[in-house]
Amino acid sequence: MSESKCRWGILGAATIAKKNWDAIRNSGNGVVTAVASRKQESAQAFIDECQLSRPVRELPEAVEGYEALLHRDDVDAVYIPLPTGLRKEWVIKAAQAGKHVMCEKPCAVSVSDLKEMIAACEENNVQFMDGVMYMHSKRMPELRKVIDDGESVGKIKRIQSHFSFCAPEEFIQGNIRVSSELEPQGCVGDLGWYTIRMSLFAMNYELPQQVVGRQLSQHGREDSPSPVPMEFSGELLFQNGASAGFYNSFLTEHQQLVHISGSKGNITLNDFVLPWCGNEMSFEVNNAVFDFTGCVCVMEKHTRIHHIGEYSNNAPDSQETNLFRTFSQLALTGKPDPFWPEIALKTQIVMDACLESARNGSVPVDIKA
């Protein structure tokens, strides 16, 4: 392995990989050395397009076939943005080839598949991590500090999160996310992975005792064996009485909010997945005061905004760059951090249980630790 830079291979020419080409470019400790697609021309077209937008000094090589990339000596880690239905095979093969694995979300079709994937990484002493970018923002430690200070929120009682976008007609008719063969979890996998993860984060990664899922609408493109969730809501019930609700949709225009409510106050984030464009992130803490004295009834707004200096979108200190910088450092040290596969597995456990509930008429599903 290179002493100073983690050498990356990209498996597949997915659109999201273009953003991460730039994140690796900005990381300082990573470099893309190869891009693979089923056809070499597709890999080359991906490289050419990225090079026009965000050029690098040393061009990576276009490789035909994923297997060929995994056998290269100039690749230390692979980023796998392949469809969820294909990920298990290639994560396991990458681990067996001694490559560290950055896996797009949702990580797997099922909990059992993800357990196999993680086991393969552990057996081969390679890092496994999912691509949840906001986990690597400087906003998250600040949010953790405020949640835990005992005064801003107090005892958490309710977490509510929404993440959605209104898909255009071409998406609804042809995108892989409306194919049960390629992306069987639909909007729950694509968007719910983020909302579920945020609820787990707020609860310090405690698993809920019980979940309920409800599929509000479904659809499948013409060649899809069955429909996938297009609009979905879920409820998570925790041991200490806290609850979390989430809503995801391909049919509701952009929203990405989190509201954490407790015995002393509440916290609101309106851009928890994709930060608003700019050089600053923030979240709002509100500790309202209600006073009713005689005939005077007053609800006072006591709000403070926490500001965190961090650029969004393609910057050297953006959350996506931090994701690849952190991963590259772990790969370079050769000492995998078990925290990352552990929280990926917990996210998958909750997501699968919510889908199971929805498939069975929204009956509650118990989760065993």
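1. Two strands are taken to pair if DSSP finds at least two bridges between them. Helices (H or I, at least four residues) and strands (E, at least two) are DSSP runs, numbered from the N terminus. The model is predicted: local features need pLDDT of at least 70, side-chain atom pairs count only at pLDDT 80 or more, and totals for chains, interfaces and linings use all residues. Residues are numbered from 1 along each chain as its sequence is written, and side-chain values use heavy atoms, with hydrogens and water left out.

2. Strand E2 (residues 30-37) is joined to E3 by 4 bridges in the parallel sense, and Ser 37 stands opposite Glu 64 in E3.

3. Helix H4 (residues 84-96) packs against H5 (residues 111-123) at an angle of about 10°, the axes being 8 Å apart. That makes H4 roughly parallel to H5 (angles under 35 degrees count as roughly parallel, over 145 as roughly antiparallel, 65 to 115 as roughly perpendicular and the rest as oblique). The crossing of H4 and H5 is left-handed, a term used if the near helix is turned anticlockwise from the far one by less than a right angle, and right-handed if clockwise.

4. Contact here means heavy atoms within 4.5 Å. On the H4 side, Arg 87, Lys 88, Val 91, Ile 92 and Ala 95 meet Asp 113, Glu 116, Met 117, Ala 120 and Cys 121 of H5. These residues comprise 6 nonpolar, no polar and 4 charged (Ala, Val, Leu, Ile, Met, Phe, Trp, Tyr, Cys and Pro count as nonpolar, Asp, Glu, Lys and Arg as charged, and the others, Gly among them, as polar).

5. Helix H1 (residues 15-27) and helix H2 (residues 40-53) have axes that come within 10 Å and cross at roughly 50°. H1 and H2 are therefore oblique to each other, and H1 passes H2 in a right-handed crossing. Ala 17, Lys 18 and Trp 21 of H1 make the contact with Phe 46, Ile 47, Glu 49, Cys 50 and Gln 51 of H2. Of the residues in this contact, 5 are nonpolar, 1 is polar and 2 are charged.

6. Rings of Phe, Tyr and Trp (its six-membered ring) pair if their centres lie within 6.5 Å; planes under 30 degrees apart count as stacked, over 60 as edge-to-face and the rest as tilted. The count by this rule is 17 aromatic pairs. The ring centres of Trp 21 and Phe 46 are 6.3 Å apart and the planes stand at 75°, so this pair is edge-to-face. Because Trp 21 is in H1 and Phe 46 in H2, the pair ties together parts 25 residues apart in sequence.

7. A further open sheet is formed by 9 strands in the order E16-E13-E12-E11-E7-E10-E9-E8-E17, with mixed pairing. Strand E16 (303-309) and strand E17 (365-366) are at the edges with a single partner strand each, so one side of each is left without a neighbour in the sheet. Strand E7 (residues 156-166) and strand E11 (residues 251-262) run antiparallel and are joined by 9 bridges; Ser 161 has Val 258 in E11 as its bridge partner.

Methods
Axes are lines fitted to C-alpha atoms, for helices over the stretch in contact, and angles run from 0 to 180 degrees between N-to-C directions.
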